[in-house]
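This briefing goes through one protein model by topic. Please keep the sequence and the coordinates at hand while reading.

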Amino acid sequence: MSESQNIEWKRSWHDDYLKWICGFANAVGGTIFIGKDDDGVVTHLENYKALMESLPNKIRENLGIICNVNLHDEDGKKHYIEIKVNPYSVPVSLRGRYYYRSGSSKMEMTGNTLNEFLLKKAGKTWDDVLEEGAELEDIDIESIQQFVKDAIKSGRMPEDIGDLSKEELLEKLRLFDKGKLKRAAVILFGKDPNRFYPNIKVKIGRFGVNDADLRFQEVEEGSIVQLLKAVPNQLNYKFFIKPIDFEGMQRVEKDEYPVAAIREMLLNALVHRSYMGSMVQMRVYDDKLTIWNEGNLPEGMALESLKRHHISRPRNPLIADVCFKAGYIDSWGRGTIKIFEACAAAGLPEPEISSMDGGILVTLFKKSTESVNDQVDTEPVKQIEQLQMEFGVLSNRIALGKETNIAFFQDHYGVLTEEVRKKFGRSSEEIRKKFGEKAIYTVFLILLKNSITTKEIGLLLGVSQRTVEKYIDTLKNNSIIERIGSNKGGHWKIIPKK
């Protein structure tokens, strides 16, 4: 026998061991043996009579609980004491501090961990608490309408839910009680959840060769319903080489990652995260994609169990229930299995799920680490190489066209501006002051690829094609650019300043 989740051995008694008793009481119970060494061998207690009188009182007075304290002997000579601690349904503290037995170690609970523990002991979860500062006006009606549409389509709610008022629907979903919104309502449908809680966001970063090589980043914030739309859009606009159709859930995207895997990763992170911790973080690399959310697995569940059928034990059951009704998730613990199945169907390596920094990290891998030249058309590569020769400022950090997007210009246009000024007699500041920020970015995009289309510019800038055409007309009318040849087969030219 060895020390474990519910066994602890101590050679002698010290009052500090009350913390271990507190930890057992707050977890699943356990036993402390006083008078045994680290191998469980009896060492004998000289003061066992005094301890048998004092320990029950110390435990009761300091912890407010009663434990069975038993005296044992070995061969009638070596004495040791057994303290049996039962698990308690109410929180147990030692001088105002709370301890918990996790594995074979004791931990003091503070901050978010303590809040979740106290709520659990009270029979509640974080998302089931009333949010005193929130009103019905803080709920986004468009998010409610999207939920209704999705719930009816999923067949998990009747069609007449569309006839309910906002208040009636929230009550039906158990998100509204005694005239107050619950935290889950704000997280699911709030206009601005960050006004009530920190870090209701998803941060997305594009990395190069390692974690120190951050090339650009974006942050999306909002309710779960809003994030389920905004995050995939952002990934398509800026982070993926080839846009993915997130509406076509069953379609396998062979060029990069399976649609279903990415969506399940995002849903798991949003539904099961600790909402009082850090924001969800996604990292896009050349050869892999990761997503991390704060919050460890439920007690008793191992990482390996996520590869097989397992019991669904959501951290935020109200949030999970609404997402189930909308058809976003199922309630059978199959979310992670879908990630593995989707990657296997696409011929990708098996995903990795690991515990890191107080949260869960999920990693998808591409088939192989492709060379940059394999990932882009050869013509844009030649154009960028030519620009490198002309201007001497576009380094290989642009990954030969892979990062031809707005973030590069935001980070590097100051250097490029000087080259533009020398060659064309103009500066970005001059164009920006007259025509706006997006106008100078349009000029930079034309510099990188003079055959670029208005549609491509719109995707890179995150604006409509019609808006880009307005930029183009303004630049043409002011003799900054001109079109050479036809709209289909021609190209753009920057006009030197006279």
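The model is predicted. The protein has 498 residues, of which 48% count as buried. Its secondary structure consists of 17 helices and 17 strands. Among contacts between residues at least 6 apart in sequence, 61% join residues at least 24 apart.

**Helix α1**

- Helix α1 covers residues 18–26, and eight of these nine residues are buried, so the helix is largely enclosed by the rest of the structure.
- The buried residues of α1 are L18, W20, I21, C22, G23, F24, A25 and N26.
- The axes of α1 and α2 come within 11 Å of each other and cross at roughly 65°.
- The crossing of α1 with α2 is right-handed.
- On the α1 side the contact is made by L18, I21 and C22, and on the α2 side by K58, I59, N62 and L63.
- By type, the residues of this contact are five nonpolar, one polar and one charged.

**The four-stranded sheet**

- Four strands form an open sheet with mixed pairing, in the order β1-β2-β4-β3.
- The edges are β1 (7–10) and β3 (68–74); each has a single partner strand, so one side of each is left without a neighbour in the sheet.
- From one strand to the next, the twist averages 20°.
- The pairing of β1 with β2 is parallel and runs over four bridges.
- E8 has I32 in β2 as its bridge partner.
- Helix α1 lies across β1, β2 and β4 (78–85), and runs at about 160° to β2.
- Helix α2 (residues 48–63) lies across β3 and β4, and runs at about 10° to β4.

**T31 in strand β2**

- T31 is part of strand β2, which spans residues 30–34.
- The relative accessible area of T31 is 15%, and the cut-off for buried is under 20%, so T31 counts as buried.
- Neighbours within four places in sequence aside, T31 is in contact with N6, I7 and E8, with F24, and with E82, I83 and K84.
- Among these contacts of T31, F24 is one of the buried residues of α1.

**The three-stranded sheet**

- Strands β5, β6 and β7 form an open sheet in the order β5-β6-β7, with antiparallel pairing.
- Its edge strands are β5 (93–94) and β7 (105–109), each of which pairs on one side only.
- Strand β6 (residues 97–102) and β7 run antiparallel and are joined by five bridges.
- S102 stands opposite S105 in β7.
- Helix α1 packs on this sheet as well as lying across strands of the four-stranded one; here α1 touches β5, β6 and β7, and its direction makes about 70° with that of β6.

**Nonpolar cores**

- The largest nonpolar core has 72 residues, and the members that touch the most others are F147, L175 and F189.
- Helix α8 (residues 259–272) gives the largest share of this core, nine residues.
- Apart from neighbours within four places in sequence, the contacts of F189 include F147 and L175, along with D138, I139, D140, S143, I144, L170, L173, S223, V225 and V322.
- A second, separate core holds 25 residues, among them C22, F24, L63 and I65.
- Of these members of the second core, C22 and L63 also take part in the contact between α1 and α2.

- Strands β14 (residues 352–356) and β15 (residues 359–365) pair in the antiparallel sense over five bridges.
- T363 in β15 is the bridge partner of E352.
- The two strands form a hairpin with two residues between them, and D357 in the turn has a positive phi of about 50°.

**Loop residues with positive phi**

- H44 is not a glycine, yet its phi is positive, near 85°.
- H44 lies in the loop between β2 and α2, and with a relative accessible area of 22% H44 is partly exposed.
- S479, also not a glycine, has a positive phi of about 60°.
- S479 sits in the loop between α17 (465–477) and β16 (481–484).
- The relative accessible area of S479 is 41%, which makes the residue partly exposed.

Conventions. Residues numbered from 1 in each chain as written. Predicted model: local features only at pLDDT ≥ 70, side-chain atom pairs only at ≥ 80, totals over all residues. Heavy atoms only, no water. Buried < 20%, exposed > 50% of the residue type's maximum accessible area, 1.4 Å probe, protein only. Contact = heavy atoms within 4.5 Å. Core = buried A, V, L, I, M, F, W, Y, C linked by side-chain atoms within 4.5 Å. Pairing = 2+ DSSP bridges. Axes fitted to C-alpha atoms, helices over the stretch in contact; angles between N-to-C directions. Left-handed = near helix turned anticlockwise from the far one by under 90°. Nonpolar A, V, L, I, M, F, W, Y, C, P; charged D, E, K, R; others polar.
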